[in-house]
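Please look over the sequence and the model below before reading on. The briefing that follows takes up pockets and helix packing in turn.

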Amino acid sequence: MQHFTFYKKENHLAFTRTRSGETKLGEKIQAISNEKRWQDALKQSSARFVLIGIPEDIGVRANLGVGGTQTAWKSFLGSFFNIQHNQFLSGESILLLGEFDFTELQVKSKNKPLEYLRDIVAEMDKHVAGLIQKVVVCGKIPIVVGGGHNNAYGNIKGAALGLQEAGKIKKAQINVINFDAHADFRALEGRHSGNGFSYAMQEGYLNKYGMLGLHQNYMSQSMLDTIYQNKNIQAHFFEDIFVTQKISMEQTMEVLLYFTRNGYTGIEIDLDAIENVLSSAISPSGFSTSQARQFIHQSAVKNKIAYLHICEGAAELDNGLKSSATGKLIAYLVSDFVKAVG
């Protein structure tokens, strides 16, 4: 499969620090043994969740952001594979399919104009959507880690088409809850990390779009006008919850989950919504890690889940900032999700 690398069991063990008397997730997480017939192998697997990496930052740079989001994936694996396999979390419920290899496109995109970058993002969209569709048709829930928020489009399109092909929905359309400081509903000006949701809605793959944690300082009036005019979009601002306290976090979650109650829902987590997490748009103000974990648990427990996507985080940014905690945070969020869905 073009631009994709399948992981073998030995790849898992390379990230796993084994210890006598303990069993780590990396020792139990499943792998594909037959790459040529990987869909058949996936259908036969007992795993409910399929883990996929997208180590790229082209979409972020195409949106004038700080590059580095390609570094989160490997950092995450180093943490996630060393979680304990125990009564709370079984590695056997997860299959690590592999990662997209956009290395060639990453190299080609260096020092190129925005128009060129946005054309590359559109090309990546096709590969992401195609793979997600195939995974969903196999009856599995994709867990996608890494890259920019541009990949939300491929997740939404792929999941919608996959659920339709599998006969679970009549129309190729799903809902999304986005945990984010930004709406990522910019103009249809060529693909980048800031307009994945607007493209998905314009093309009919996104039905209800709910947002939690938007920062008022980063919403243009034109985008606000667009959101308020669309009955299928619901925006909840960070300031309303934690500054003016017009509504509680619990009440907001109730409203959001009710809004997306019908059909399948994709969960999007942009790590820039969490305070001081290294990301393409790192912020000193945001949700706590505990609040992010509560959000992912409640969303996964109460809705029919199409997929989970965690993005925009980095272990190292192009501006030199580094953090060893990003991968561990993503590992917490993924493990919370798996436990909640069950």
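Predicted model: local features only at pLDDT ≥ 70, side-chain atom pairs only at ≥ 80, totals over all residues.

**Pockets and helix packing**

Helix 5 (72-80) and helix 14 (326-341) each contribute at least two residues to the lining of the second largest pocket.

**Second largest pocket**

- Helix 14 gives the largest share of the lining of the second largest pocket, namely five residues.
- The second largest pocket has 14 lining residues, and those nearest its centre are Ser 79, Asn 82, Ile 83, Gln 84 and Tyr 332.
- The space in the second largest pocket comes to about 240 Å³, and its lining is made up of five nonpolar, six polar and three charged residues.

**Largest pocket**

- The largest pocket holds about 300 Å³ of space.
- It is lined by 19 residues, among which Asn 63, His 182, Asp 184, Arg 186 and Ala 281 are the closest to the centre of the pocket.
- Sorted by class, the lining of the largest pocket consists of seven nonpolar, seven polar and five charged residues.

**Helix 7 with helix 8**

- A pair of packed helices is described by the angle between the two axes and by the distance between the axes.
- For helix 7 (residues 114-137) and helix 8 (residues 151-165), the axes cross at roughly 35° and come within 7 Å, and the crossing of helix 7 with helix 8 is right-handed.
- On the side of helix 7, the residues that meet helix 8 are Asp 125, Val 128, Ala 129, Ile 132, Gln 133, Val 136 and Val 137.
- On the side of helix 8, the residues that meet helix 7 include Asn 151, Tyr 153, Gly 154, Lys 157, Leu 161 and Glu 165.
- The contact of helix 7 with helix 8 counts nine nonpolar, six polar and three charged residues.

**Helix 12 with helix 13**

- Helix 12 (residues 249-259) packs with helix 13 (residues 289-302) at an angle of about 30°, and the axes of the two helices lie 11 Å apart.
- Because angles under 35 degrees count as roughly parallel, helix 12 and helix 13 are described as roughly parallel to each other.
- The crossing of helix 12 and helix 13 is right-handed, and the contact is made by Met 249, Met 253 and Leu 257 of helix 12 together with Gln 291, Phe 295, Gln 298, Ser 299 and Lys 302 of helix 13.
- By class, four nonpolar, three polar and one charged residues form the contact of helix 12 with helix 13.

Notes: Residues numbered from 1 in each chain as written. Heavy atoms only, no water. Axes fitted to C-alpha atoms, helices over the stretch in contact; angles between N-to-C directions. Helix = DSSP H or I, 4+ residues; strand = E, 2+ residues; numbered from the N terminus. Parallel < 35°, antiparallel > 145°, perpendicular 65-115°, else oblique. Left-handed = near helix turned anticlockwise from the far one by under 90°. Contact = heavy atoms within 4.5 Å. Nonpolar A, V, L, I, M, F, W, Y, C, P; charged D, E, K, R; others polar. 1 Å grid on protein atoms, 1.4 Å probe; cavity = no way out; pocket = protein on both sides within 12 Å on 5 of 7 lines; lining within 4 Å. Points joined across faces, edges and corners; volume = space filled by probe spheres on them.
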